[in-house]
Amino acid sequence: MKSICGLLIFILVSNVFAQDTKVESDKLVFTKDEFRKAVMDEMEKRMRKIGRSKMTDFSNQLLKKEEELERRELELQKENQSLKINEKSFVKRVKLFNERQEKFISCLDSVDTKESKRIDHMVDVVSGMRPQNAADVLSVQDSVLSVQILGKLDATKVSKIFNLMDKEVSARLQKQYLTMKR
């Protein structure tokens, strides 16, 4: 359809310019809208001379559809540019989020490492104690910390410590020890 319309326009324009160049030797400058209007007017004149009003209407419809397609194409280009800008913004935000997340995770890892070092130090301290003193210390400690320390001690030392503890405390710590997540 575009090729038919383009062919009609080319023929009409070439005829118009051929006649105009005979009359005037100067070049004429038109804006896009002026050019289209002149082409439409000239096409209507020629089609009416031929006497084919249906052809005129058909040509007008083709030109209107072509203009609509061009308008839609410009809108799509604008939307595409907007999407590219939004995509760049989104990518920047994702990178920033990932950087912050990595910093946060490294901070958590650092805290876990320091806590692990402190627990290892306490394991060394408790392993150097006599079993009765270790039982007394671990009985009054936070149960989570006591279970972590007991989990890193030698099994014979742990059994001696459990035997020397109060039975309720020993039972509670043994239960937590058995369900402890490593």
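With a relative accessibility of 56%, Phe90 counts as exposed, where exposed stands for over 50% relative accessible area, buried for under 20%, and partly exposed for values in between (1.4 Å probe, protein chains only). The model is a predicted one, in which local features need pLDDT of at least 70 and side-chain atom pairs count only at pLDDT 80 or more, while totals for chains, interfaces and linings use all residues. Residues are numbered from 1 along each chain as its sequence is written, and side-chain values use heavy atoms, with hydrogens and water left out.

Phe90 sits in helix H3, which spans residues 53–127. Together with Val91 and Val94, Phe90 makes up a nonpolar patch on the surface, and the accessible area of these residues together is about 260 Å² (Shrake-Rupley method, 1.4 Å probe, with only the protein chains shown counting as cover for residues). Residues in a patch have over 30% relative accessible area and no salt bridge, with nonpolar side chains (Val, Leu, Ile, Met, Phe, Trp, Tyr) joined within 5 Å and like charges within 9 Å.

## Overall architecture

The chain has seven helices and zero strands, where helices (H or I, at least four residues) and strands (E, at least two) are DSSP runs numbered from the N terminus. Read from the N terminus on, the order of elements is α-α-α-α-α-α-α. Of the 182 residues in the chain, 19% are buried.

Helix H5 (residues 143–152) packs with helix H7 (residues 167–178) at an angle of about 65 degrees, and their axes are 9 Å apart. This angle makes H5 roughly perpendicular to H7, given that 65 to 115 degrees counts as roughly perpendicular, under 35 as roughly parallel, over 145 as roughly antiparallel, and the rest as oblique. The axes are lines fitted to C-alpha atoms, for helices over the stretch in contact, with angles between N-to-C directions running from 0 to 180 degrees.

The crossing in which H4 passes H6 is right-handed.

## Residues of helix H5

Ser143, placed in helix H5, counts as buried at 14% relative accessibility. The C-alpha atoms of Ser143 and Tyr177 are 9.5 Å apart in space, although the two residues are 34 positions apart in sequence.

Val147 also belongs to helix H5 and is buried, its relative accessible area being 4%. A C-alpha separation of 9.6 Å is computed between Val147 and Lys175, which are 28 residues apart along the chain.

## Salt bridges between helices

The structure holds nine salt bridges, each being a side-chain nitrogen of Lys or Arg within 4 Å of a carboxyl oxygen of Asp or Glu. Glu70 pairs with Lys32 in one of them, with 3.9 Å between the closest N and O atoms. This pair links distant parts of the chain, as Glu70 is in helix H3 and Lys32 is in helix H2 (residues 32–50), 38 residues apart. Glu70 counts as partly exposed at 26% relative accessibility, whereas Lys32 counts as exposed at 56%. Arg36 and Glu67 meet in another salt bridge, with an N to O distance of 3.8 Å. Because Arg36 lies in helix H2 and Glu67 in helix H3, the pair ties together parts that are 31 residues apart in sequence. Arg36 is partly exposed at 23% relative accessibility, and Glu67 is partly exposed at 35%.

The side chains of Lys152 and Asp120 also meet in a salt bridge, at 2.8 Å from N to O. Lys152 lies in helix H5 and Asp120 in helix H3, so this pair ties together parts that are 32 residues apart in sequence. Lys152 counts as partly exposed at 42% relative accessibility, and Asp120 is partly exposed with a relative accessible area of 35%.

## A salt-bridge network

Salt bridges also join residues into a network, whose members are Glu68, Arg71, Arg72, Glu75 and Glu79.

Note on methods: A crossing is left-handed if the near helix is turned anticlockwise from the far one by less than a right angle, and right-handed if clockwise.
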